[in-house]
Amino acid sequence: MHLSKQLRGHLFAGFTILIWGTTFISTKLLLRAFSPAEILLIRFLLGYLALWAFNPRLLHLQERRHELWCAGAGLCGITIYYAFENIALQYSTASNIGVIVSTAPLFTAIFASFFLKGEPLKPNFFAGFAAAIIGVFLLNYSGSAVRLNPKGDVLALAAAVAWGVYSILVRRLSEAGYPPALLTRRFFLWGLIFMLPYVLHSGFSPSVEAMMQPVYLFNLAHLSFLAGAVGFVSWNTAVGYLGAVKSSIYIYITPVVTIIVAAVVLGERLTAAGALGVLLVILGVILSDGRGLPRRHREETNHVG
């Protein structure tokens with residue numbers, strides 16, 4: 001039974017990353033016609049409505065503090081992560097952002113060691129982190145120079161930290177037995193509330209004509225329904241099964257999926273350094289897999305609604 005839950009967790013995490021690895025391509029295409037704030041609000045508003053259509057049941061929280069945790073998850077995992085990442089791209093390079101955001105598993109592991117029982121930091125995690133980050137670096141800087149941009153890079157780092165906090169909150173709420181779909185919908189609601197000041201400050205006047213064009217309509221639907229509603233439910237389910245640390249390891253694979261999809265869809269070429277980066281990321285995931293964790297953690301029973 002324990003092995004079955006672990007396997008299901010890995011399948012959910014792998015499925016989510018396959019989806020999320022394609023979001024950069026969709027966002028890149030949508031930025032031709034929409035602002036980052038417009039994309040952010042549209043994708044999560046449509047995702048929120050889709051989650052209501054999928055499961056119209058109300059979420060009844062067991063404790064008042066759980067509402068605060070949901071608000072924190074919406075603020076950190078939806079608003080701060082995506083808004084900071086989008087703003088950072090205006091000041092720094094996509095390569096810098098890609099590498100820095102990939103440090104999210106490190107912050108997740110550090111927070112987990114303080115706030116979650118049974119998820120201590122282990123040497124194998126740091127070995128895997130080092131290998132994966134070097135791999136992500138090669139993927140992002142293959143054939144290009146490194147240029148530091150403090151303002152954008154700090155925002156990207158803040159986004160990675162925010163994702164670490166989000167992972168911890170998801171794990172704590174999953175332990176309470178709430179259905180992942182209902183939790184995700186509550187996260188989206190709080191995320192939408194918190195992002196309103198950013199959206200209003202940035203301006204919101206999306207072109208209806210552009211939204212009706214098949215290429216933009218398809219990519220908005222992809223970000224909203226598949227990457228948004230389905231992706232977040234799948235990810236939150238994986239966190240419930242695997243824990244915050246082990247599930248976060250899959251984030252390393254995101255740029256690998258992006259590179260492969262970009263090569264197929266956009267015709268971008270994978271260099272030798274990029275190929276080496278892919279191998280190092282895979283090695284990092286294997287090293288960080290968590291086999292070095294205590295037996296008590298490996299046999300942990302997780303209850304996911």
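Tutor: I282 counts as partly exposed because its relative accessibility is 45% (buried means under 20% relative accessible area, exposed over 50%, partly exposed in between, with a 1.4 Å probe and protein chains only). This is a predicted model, where local features need pLDDT of at least 70 and side-chain atom pairs count only at pLDDT 80 or more, while totals for chains, interfaces and linings use all residues. Residues are numbered from 1 along each chain as its sequence is written, and side-chain values use heavy atoms, leaving out hydrogens and water.

I282 belongs to helix α14, residues 272–287 (helices are DSSP runs of H or I, at least four residues, numbered from the N terminus). Together with L276, L279 and I286, I282 makes a nonpolar surface patch of about 390 Å² (patch residues have over 30% relative accessible area and no salt bridge, and nonpolar side chains are joined within 5 Å; a salt bridge is a Lys or Arg side-chain nitrogen within 4 Å of an Asp or Glu carboxyl oxygen; areas come from the Shrake-Rupley method with a 1.4 Å probe).

Now to the rings. The whole structure holds 21 aromatic pairs (ring centres within 6.5 Å; planes under 30 degrees apart are stacked, over 60 edge-to-face, the rest tilted). Y48 and W52 form an edge-to-face pair, because their planes stand at 90° with centres 6.5 Å apart. Both lie in helix α3 (residues 36–54), four residues apart, about one turn of the helix. Y48 is buried at 15% relative accessibility, whereas W52 is partly exposed at 28%. The charged end of R185 sits over the W52 ring, 3.6 Å from its centre (CZ of Arg or NZ of Lys within 6 Å of the centre and within 35 degrees of the ring normal). Likewise, R43 places its charged end over the ring of Y82, 4.9 Å from the centre. Y82 is also part of a cluster linked by ring pairs, with W20, F44 and W163 among the other members.

Methods
Patch = residues over 30% accessible without salt bridge, like charges linked within 9 Å, V, L, I, M, F, W, Y side chains within 5 Å. Helix = DSSP H or I, 4+ residues; strand = E, 2+ residues; numbered from the N terminus. Phe/Tyr/Trp six-rings, centres within 6.5 Å; stacked < 30°, edge-to-face > 60°.
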